[in-house]
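Please read the points beside the sequence and the model.

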Amino acid sequence: MANKEALRALQGRLAERLQEVRSIEHVSGWLAVECAGQALLFPLAEAGEIFQPGALLEVPHTEPWFLGVANLRGSLTGVVDLAGVLGLRERVPVAVRDQAHVVAFNPSLDINVALLVDRLAGLRHPEQMQAVASADATAPAFAGGCWRDGAGRLWQEIRLLMLPREERFLRIVAAR
């Protein structure tokens, strides 16, 4: 019970901080998350509100990573397991799902999807990170830069604006 309260408090602080950072003009930075052990960065300008995973209405005949549809603030939103889309796992373990968070896309992007992430890891700013050259010329369009933090951990930026243009997402849209 205390863990759930601590997670809710962390989520509230992150949401407040995210809103503060967005209100400052010309500030770049990221929402840091983890999925299947991978450290990922979402650009603050592209990330939206953070939710606790709630009840999902499953959709038959979809990809295993398409978890279903949720009511997020009165809007029906498709919920996608980001680790599944990235090929990091087949299915979301129940233990992970209970601890996970759902990050919506920024409403200005007009993308009615939210991403299930395993863990929130706070906010990161460019001055806290060092750019790492990537030699992978075959990286998908949604893969932004690679960054290393002060502790030496490698972080991959995910360009949320480009993610729905990924072939896997397009199959879901075309099936509707």
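1. In which sense do strand β1 and strand β8 pair, and over how many bridges? In this predicted model, strand β1, which covers residues 30-35, pairs with β8 in the antiparallel sense, and 4 bridges are found between them. One of the residues to look for is L31, whose bridge partner in β8 is L123.

2. Strand β8 spans residues 119-124 and is mostly covered, since 5 of its 6 residues are buried.

3. As for cysteine pairing, the structure holds 0 disulfides.

4. Turning to the chain as a whole, a reader will find 4 helices and 11 strands. The chain has 176 residues, and buried residues make up 42% of them.

5. Contacts may also be considered by their separation along the sequence: among those in the chain between residues at least 6 apart, 59% join residues that are at least 24 apart.

6. Finally, on the matter of surface, the accessible surface of the chain comes to about 10,000 Å², and 53% of that surface belongs to carbon and sulfur atoms.

Key: Residues numbered from 1 in each chain as written. Predicted model: local features only at pLDDT ≥ 70, side-chain atom pairs only at ≥ 80, totals over all residues. Heavy atoms only, no water. Disulfide = S-S within 2.5 Å. Buried < 20%, exposed > 50% of the residue type's maximum accessible area, 1.4 Å probe, protein only. Helix = DSSP H or I, 4+ residues; strand = E, 2+ residues; numbered from the N terminus. Pairing = 2+ DSSP bridges. Contact = heavy atoms within 4.5 Å. Areas by Shrake-Rupley, 256 points an atom, 1.4 Å probe, with all protein chains shown as cover.
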